[in-house]
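Here are a few notes to read with the model open beside you.

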Amino acid sequence: MKAAVFEETGRLSVQDKPVPSLNPGDALIKVDLCGICASDLAALNGDITDYSPPVVMGHELAGVIVESRHPDVKVGEKVTVNPMLSCGDCDSCRADLDKYCSNIEGIGHDIDGGYAEYLRMPKHGIDTGKLITVPDTISPEELIFLEPLGCCINAMRETILDRSVAILGAGPIGLMFTQLSKKAELQTFVLEPLAHRRSAADEVGVDATFDITAEQVETFIEKTDGGVDTVISATVNNQRAIDLAFKLVRRGGCVNFFGLAPGGQELRINLEHFHYMGHKLMASWAFSRWSLNESRQMLIDDEIKLKPLLTDRFPIEGIIEGFENARKQGGVKSVLVGE
Ligand SMILES: [Zn+2]
Ligand SMILES: [Zn+2]
């Protein structure tokens with residue numbers, strides 16, 4: 001089978017690999033689609049280090065069980081995964097904070113993931129509930145968003161919200177935040193430099209979009225009477241995004257630095273100024289079992305528009321092109337097609 005292997009920083013290659021063989025209790029997933037995630041781009045770039053190459057990347061997958069050696073898993077079931085395989089037993093795991101488990105194995109991070117025609121779901125992952133089945137009514141095009149939507153739902157629960165929200169970036173994550181924010185009946189704005197992404201935000205029902213030019217930011221601040229209650233940064237948190245977030249938030253408001261940051265990026269603040277501005281600064285990352293379950297239910301109930309998000313498809317052999325497209329923010333979401 002074809003698989004895209006993250007070999008080391010800066011090196012991603014398409015390889016011919018044997019279809020994974022199963023141990024007792026494992027299941028084999030045939031991949032229909034796998035989303036290209038910003039964290040994969042950042043790992044290849046060397047900006048983040050929670051990957052163990054060489055590994056087949058890909059953790060936002062939609063597939064079908066084609067072989068099962070587990071009594072609870074049936075051939076033909078539509079599945080995705082909770083890609084954080086953890087011990088299931090420590091204090092973190094018991095608190096639904098699997099991401100802080102000290103025995104974590106990430107699908108597409110540490111063990112082979114979905115940028116391939118097939119992947120093996122280990123028994124341990126199935127036993128700890130990390131194989132997620134969905135009804136046939138959910139298309140692969142929707143299913144690949146179950147994990148990233150779960151990250152957004154988790155962040156929405158953690159963020160201090162009041163009446164108005166500004167979302168930085170109208171990539172797939174920003175567009176999911178936009179919809180969750182509207183669902184929560186908050187006044188919702190998106191700031192995004194690319195016109196095609198601003199129109200995608202309009203399509204999913206944002207109240208207003210703004211470019212990030214100085215002029216547009218001025219207009220935003222006037223329109224919102226000094227800024228919004230909450231800023232969620234769903235973009236790469238470089239210095240420009242950080243500065244923008246602080247311009248958009250009102251005194252006493254909350255900023256959630258959800259997006260990843262370039263390697264070495266620091267958050268420098270004047271503490272006295274920060275104190276009297278009364279800002280609430282925070283970060284959210286990943287998902288919980290609870291938020292993935294909520295996300296699954298939202299897909300089943302068809303409560304979120306995902307079609308405008310999936311714009312660009314690439315074969316596994318075209319992964320370099322796919323990554324390039326995602327990096328230059330062509331379209332909204334780029335995906336790999338499993339065969
Ligand atoms: Zn992801
Ligand atoms: Zn654990």
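**Core first, then sheets**

1. Start with the largest nonpolar core, which has 92 residues; Tyr115, Cys152, Ala166, Leu168, Val231 and Leu336 have the most contacts inside it. Such a core is a set of buried Ala, Val, Leu, Ile, Met, Phe, Trp, Tyr and Cys residues joined through C-beta atoms within 7 Å. Helix H5 (residues 146-158) gives the largest share of this core, seven residues. Domain 1 (2-148 + 287-337) and domain 2 (160-282) both contribute residues, so the core lies between them. Those domain bounds come from an automatic or database domain assignment.

2. A word on what you're looking at: this is a predicted model, where local features need pLDDT of at least 70 and side-chain atom pairs count only at pLDDT 80 or more, while totals for chains, interfaces and linings use all residues. Residues are numbered from 1 along each chain as its sequence is written, and chains are lettered from A and ligands numbered from 1 in the order in which they are written.

3. Now look at H5 itself. Eleven of its 13 residues are buried, so the rest of the structure largely encloses H5. Among the buried ones are Glu147, Pro148, Gly150 and Asn154, along with Cys151 and Cys152. From first C-alpha to last, H5 reaches 19 Å, close to the 18 Å expected at 1.5 Å a residue; the expected span is 1.5 Å times one less than the number of residues. Helices (H or I, at least four residues) and strands (E, at least two) are DSSP runs, numbered from the N terminus.

4. Which residues does Ala166 touch? Apart from neighbours within four places in sequence, Ala166 is in contact with Phe189, Leu191, Val228, Val231 and Leu248. Contact means C-beta atoms, placed from the backbone, within 7 Å.

5. Next, find the open sheet of six strands, ordered E13-E12-E11-E14-E15-E16 with parallel pairing. Two strands pair if DSSP finds at least two bridges between them. At the edges sit E13 (208-210) and E16 (280-282), each pairing on one side only. Strand E11 (residues 164-168) runs parallel to E14 (residues 228-233), and four bridges join them. Opposite Val165 you'll find Thr230 of E14.

6. There's also an open sheet of three strands, E2-E1-E4, and its pairing is antiparallel. Its edge strands are E2 (11-16) and E4 (55-56). Two bridges link E1 (residues 2-8) with E4, and Phe6 stands opposite Val55 in E4.

7. Finally, follow the antiparallel pairs that involve E5 and E6. Strand E3 (residues 27-35) pairs with E5 over eight bridges, with Glu67 in E5 as the bridge partner of Leu28. E5 (residues 60-68) is joined in turn to E6 (residues 78-81) by two bridges; there, Val64 is opposite Lys78. E6 also pairs with E10 (residues 131-134) over four bridges, where Val79 faces Thr133.

Methods
A residue is buried if 20 or more other C-beta atoms lie within 10 Å of its own, exposed if 12 or fewer, and partly exposed in between; C-beta atoms are placed from the backbone. Two residues are in contact if their C-beta atoms, placed from the backbone, lie within 7 Å.
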